[in-house]
Amino acid sequence: MSFHSEKMQKIKPSGIRELFAKAQGIPDTISLGIGAPDIHTPDGLKKAISDAVNFNFNNYDQSPGNPKLRKMITRKYKEEYGVDYNSEEGTIVTCGGVQLVYIALQTYIQNGDEVLIQDPSFLTYPHQVQLAGGKTVWMPSTNDFKIDIEKTKDLVNEKTKMMILNFPSNPTGAIMKKKELKALVDIAVDHNLMIISDEVYEYYTFNDKKHVHIGAIDGAYERTLTANSFSKTFAIPGWRIGFGVSTAEIMKPMLGYHAYVIANATTPAQVALANFMDTEEAGEFQTFIKNEFQQRRDAIVKGFNSIEGIKCHNSSGSFYCYPDISETKYSTGEEFSNKSFEEARVVLVPGTEFGPSQTNYIRASFGSVNMAKIEDVIHRLTRMLEHSKGK
Ligand SMILES: Cc1ncc(COP(=O)(O)O)c(C=O)c1O
């Protein structure tokens, strides 16, 4: 007897979660698989959550989010990008950025609507589009992993409803310049599309590159929902606290959906974040983690490029790099990832997890490995490929 619904039969399990499970408990494995910082949560934030529990902030909170935290979030956007959001009607706190994108798609996508997503992208998007009854239309990338603007123009038709943007990008680390993003916003304006801009890696930009908040671009504000999260910013992915900002009009139906499925994101975590967000320690932590990732990025990109047959772009942000392995003996990302796990005990994610044309690539998360491990990974992969040549 099967109780499976038709919609779930089309959803395949997350390849990254499977890889993660496969690597668990296997000794001497180094995982560059999961997108989570290996850095510990700042002590002040740990104390803030235990204080919140001890001071009895354990009840339900307001469904759109703890009021003080929502005020802090809108203050952040004003101070950092000069953009005003309404803390009561235009701000929501969710169970991670993932839940925010989910409720947005459930709210705004109907059967047959088309959603433009970059090939490659964070693997959750197309599955969430499918769960909402929509269809993913892949926006091709340029050689440096920006969205190909001209080709994107040709993809828009009367069914196109939305475009999802994510810069700095998971999985490539690419960043688009303001004027390039403006060209995408113009497409959205010309065809009346909504934009979800997933900016969870906003603080991880390298070599003094500045993050561009899409809501600040001319024409974007009234059609954009910005998705964000504390998971990466304060190294608390397990707390599951994300947030979103937009206009009151876009936010209103989403608040209704959120109230029915979640009620509210975890109360003590929200209280702790509200008390921690603008402390000196929070600022120092952000500087520390950004510098650490920059150092790791430099080492891992250089390391990959030193291996014969591998070419790796210099990732400009996030904590991923995305090497092309097509000139090695293992010419698809899937084969490379299987071999690197079996023979070198290194977990890497095949590019095909992120988009249909990504057969040549693997994604490596340097958020989860320190400098010593990066050196070890490069050494293991070099050895694996030298050994494979002799076969
Ligand atoms: C681009 C992007 N958006 C959103 C998320 C979700 O983060 P969370 O749900 O932990 O806030 C991730 C996590 O890897 C991500 O890479």
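Which strands does helix α9 lie across? Helix α9 (residues 248–261) lies across β2, β6, β7 and β8, and runs at about 30° to β2. Helices (H or I, at least four residues) and strands (E, at least two) are DSSP runs, numbered from the N terminus. Angles run from 0 to 180 degrees between N-to-C directions, with axes fitted as lines to C-alpha atoms, for helices over the stretch in contact.

This is a predicted model, in which local features need pLDDT of at least 70, side-chain atom pairs count only at pLDDT 80 or more, and totals for chains, interfaces and linings use all residues. Residues are numbered from 1 along each chain as its sequence is written, and side-chain values use heavy atoms, leaving out hydrogens and water.

**View 1. An open sheet of seven strands.** The order is β2-β8-β7-β6-β5-β3-β4, with mixed pairing (two strands pair if DSSP finds at least two bridges between them). At the edges, β2 (91–94) and β4 (135–139) each pair on one side only.

**View 2. Salt bridge between E114 and K135.** The closest N and O atoms are 3.7 Å apart (a salt bridge is a side-chain nitrogen of Lys or Arg within 4 Å of a carboxyl oxygen of Asp or Glu). Because E114 lies in strand β3 (residues 114–118) and K135 in strand β4, the pair ties together parts that are 21 residues apart in sequence. E114 counts as buried at 7% relative accessibility, while K135 counts as partly exposed at 47% (buried is under 20% relative accessible area, exposed over 50%, partly exposed in between; 1.4 Å probe, protein chains only).

**View 3. Salt bridge between E180 and K146.** Here the closest N and O atoms are 3.2 Å apart. Both E180 and K146 are buried.

Conventions: Contact = heavy atoms within 4.5 Å.
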